[in-house]
Amino acid sequence: MPALIVGNWKMNGLGEDIAEVAAMAGSSAAKGRSGIWIAPPFTLIDRAVIVSAGAVKIGGQDCHGNAKGAHTGCVSAPMLADLGAGFVIVGHSERRRDNGETDADVRAKAMAGRAAELEVILCIGETRGQRDSGQTEAVLSSQLAGSLPDDAEGLIIAYEPVWAIGTGLTPTLGDVETAHAHIRSQIVARFGPAGHGVRILYGGSVTPANAGDLLRVADVGGVLVGGASLTAQSLLAIAAAAP
Ligand code: PEP
């Protein structure tokens, strides 16, 4: 399975930055073995869809758990789909931290995303304290139990240790392999054989320098990239590192 490289721009990007998406879309990496997906801020989704011309899949960084209603300032999954988005990220640790999102909220968002026929990237991961106290696998199991949608179709899991996001720190390759194996076992236990088809991404301080090693770890189906996804040069270097 070719590696999937997903960029999460977070709260970064103005109109002038759409040129980066255009450059990504124009690269052979976007058309070649590595798929490139970008989640720009909501304000750039429609422009990103236009300049990417299908070569880069564009998605949202979040969606509401309801399709519509009295939720000022929120964006629903059908609204993302209406703009041409093809996927949505749910459960990112920054949303869990900044907005108090629970596993039940994340599950509702995942279900809403699937109902709108978006592919869903569901993020899970442990804090530093949880890892240091040996709770990593229990935390991952608990997050999955509380947040997985009803079926495996269109689902991608992103393993993102909270302490590795934006810090320059990464787990050892062995720890990444152990975490992904645990996630796989949980997904297969939940969904049966269909669980084998769910891609598992690694996320947390991925750079062009470490992407090749991370993408060679067993059952790492791609990477979710924050800071290093903001320029085409950096993201394409990560894509080029894919085995
Ligand atoms: C992220 O936000 O999902 C992320 C992995 O960020 P960074 O690559 O900057 O650590």
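This is a predicted model: local features need pLDDT of at least 70, side-chain atom pairs count only at pLDDT 80 or more; totals for chains, interfaces and linings use all residues.
Residues are numbered from 1 along each chain as its sequence is written, and side-chain values use heavy atoms, with hydrogens and water left out.

Next, show the 14 residues that line this pocket, of which Lys10, Met11, Gln61, Glu94 and Arg95 lie nearest its centre. A pocket here is an open set of points on a 1 Å grid over the protein atoms alone, where a 1.4 Å probe fits, with protein on both sides within 12 Å along at least five of seven lines, and lining residues have an atom within 4 Å of a point. Its volume is about 350 Å³.

Now select the ligand, which 14 residues surround, the closest being Lys10, Glu160, Gly166, Ser205 and Gly226; a residue is counted if one of its heavy atoms lies within 4 Å.

Then display the distances to ligand oxygen atoms: an N or O atom in the side chain of His92 is 2.8 Å from one, and a backbone N or O atom of Gly226 also lies 2.8 Å from one, while for a backbone N or O atom of Gly227 the distance is 2.9 Å.

Finally, colour domain 1 (9-19 + 42-60) and domain 2 (119-227), as given by the domain assignment, whose centres over C-alpha atoms are 25 Å apart.

Notes
A polar contact is a pair of N or O atoms within 3.5 Å; within protein, one must be able to donate a hydrogen and the other to accept it, and residues adjacent in sequence count only if both atoms are side-chain atoms. Grid points are joined across faces, edges and corners, and a volume is the space filled by probe spheres set on the points. Domain bounds come from an automatic or database domain assignment.
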